[in-house]
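Let's take a walk through a protein model together, one piece at a time. Have the structure open and follow along as we go.

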Amino acid sequence: MKSRTAEDESHHGGAPINGSKSIKKHKEMMMKKKNMRRLGGGGLSLEAFANAKSTTNNYNPALIKKQKEFYKNAKYVSKYKKSLKQQGKQNDISSAIRQPQDENEGEGVSQRSKKNKKKKDSSHSLKELYEKKREEEERTRIERDAIFQAKKEKRERVESQRKAAREKMFKRTRKGQPVMKYRIEHLLQTIQGSTS
């Protein structure tokens with residue numbers, strides 16, 4: 001073991017190292033120094049720690065979603081306003097075109113007679129439309145009924161064939177054995193059906 005000199009004692013704080021207490025203190029101080037070096041200084045203060053945690057990084061999915069939705073809605077609103085503007089302009093143009101035409105026509109015929117003619121024409125055309133619609137609905141109903149009837153007949157035919165085949169398949173001899181004739185016929189039919 002090395003003998004310690006006065007220089008060594010002065011290096012470690014000036015107190016002689018000769019007890020277990022001083023060794024423990026020395027180890028604790030060395031550990032503190034190591035930790036300080038490892039952490040990069042005296043550590044963070046409470047304020048610095050709180051501020052570091054509160055800084056926002058730029059990635060927040062909820063915020064991004066909100067912003068996307070906001071911009072999407074803004075785009076829809078601007079499109080809607082544009083379309084309203086365009087419709088307003090079109091209405092102004094169409095009304096400006098209609099006014100001179102009305103003035104030219106309004107010279108010979110009174111406005112009351114025009115209204116009466118329009119009412120008669122509209123009621124007559126409405127009746128025609130109603131009749132056409134009724135005829136069309138009647139035609140579609142008849143077609144639907146015919147299709148339904150054909151499907152029903154086909155279903156009944158298939159069902160009766162299935163029933164007959166089932167009866168043949170369940171036939172037994174007097175001793176209780178199945179009749180092989182019908183089973184072999186059925187197999188032959190299925191093979192011929194699959195090849196054709």
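Start with Arg141, which makes a salt bridge with Glu138; their closest N and O atoms sit 2.4 Å apart. Keep in mind that what you're looking at is a predicted model. Why might two side chains like these get together? Side chains of opposite charge can pair when their charged atoms come close.

Now look at where the two partners sit. Arg141 and Glu138 are three residues apart in helix H5, which covers residues 111-169, so about one helical turn separates them. Is Arg141 buried, partly exposed or exposed? Arg141 has a relative accessibility of 37%, so Arg141 counts as partly exposed.

Arg162 forms a salt bridge with Glu159, with 3.6 Å between the closest N and O atoms. Both residues lie in helix H5, three residues apart, or about one turn of the helix. How exposed are these two? Glu159, at 46% relative accessibility, is partly exposed, whereas Arg162 counts as exposed because its relative accessibility is 53%. How many salt bridges does the count come to? The count is four.

Next up, a pair of rings. The count of aromatic pairs comes to one. Phe70 and Tyr71 make up that pair, and their arrangement is edge-to-face, with 5.6 Å from centre to centre and 65° between the planes. Are these two residues buried or exposed? Both Phe70 and Tyr71 are exposed.

Time to zoom out a bit. The protein's secondary structure consists of six helices and zero strands. Read from the N terminus on, the elements go α-α-α-α-α-α. How much of the protein is buried? Buried residues make up 1% of its 196 residues.

H2 spans residues 20-39, which makes 20 residues, and it reaches 29 Å from its first C-alpha to its last. That reach is close to the 28 Å expected at 1.5 Å a residue. How many of the residues of H2 are buried? The count is zero, and H2 is hardly covered.

Finally, let's look for some empty space. Rolling a probe the size of a water molecule over the atoms shows where empty space is left. The second largest pocket has a volume of about 180 Å³. Which residues line the second largest pocket? They are Ala165, Lys168, Met169, Tyr182, Glu185, His186, Gln189 and Thr190. H5 and helix H6 (180-195) each supply at least two residues of this lining, and the largest share, five residues, comes from H6. Sorted by class, the lining has three nonpolar, three polar and two charged residues.

Let's stop at one of those lining residues. Ala165 is found in helix H5, the helix that also holds Arg162 and Glu159. Ala165 is partly exposed, because its relative accessible area is 34%. How far is Ala165 from Arg183, C-alpha to C-alpha? The distance between their C-alpha atoms is 9.4 Å, and the two residues are 18 residues apart along the chain.

Methods. Residues are numbered from 1 along each chain as its sequence is written. This is a predicted model: local features need pLDDT of at least 70, side-chain atom pairs count only at pLDDT 80 or more; totals for chains, interfaces and linings use all residues. Side-chain values use heavy atoms; hydrogens and water are left out. A salt bridge is a side-chain nitrogen of Lys or Arg within 4 Å of a carboxyl oxygen of Asp or Glu. Helices (H or I, at least four residues) and strands (E, at least two) are DSSP runs, numbered from the N terminus. Buried means under 20% relative accessible area, exposed over 50%, partly exposed in between (1.4 Å probe, protein chains only). Rings of Phe, Tyr and Trp (its six-membered ring) pair if their centres lie within 6.5 Å; planes under 30 degrees apart count as stacked, over 60 as edge-to-face and the rest as tilted. The expected span of a helix is 1.5 Å times one less than its number of residues. On a 1 Å grid over the protein atoms alone, a cavity is a set of points where a 1.4 Å probe fits but cannot get out, and a pocket is an open set with protein on both sides within 12 Å along at least five of seven lines; lining residues have an atom within 4 Å of a point. Grid points are joined across faces, edges and corners, and a volume is the space filled by probe spheres set on the points. Ala, Val, Leu, Ile, Met, Phe, Trp, Tyr, Cys and Pro count as nonpolar, Asp, Glu, Lys and Arg as charged, and the others, Gly among them, as polar.
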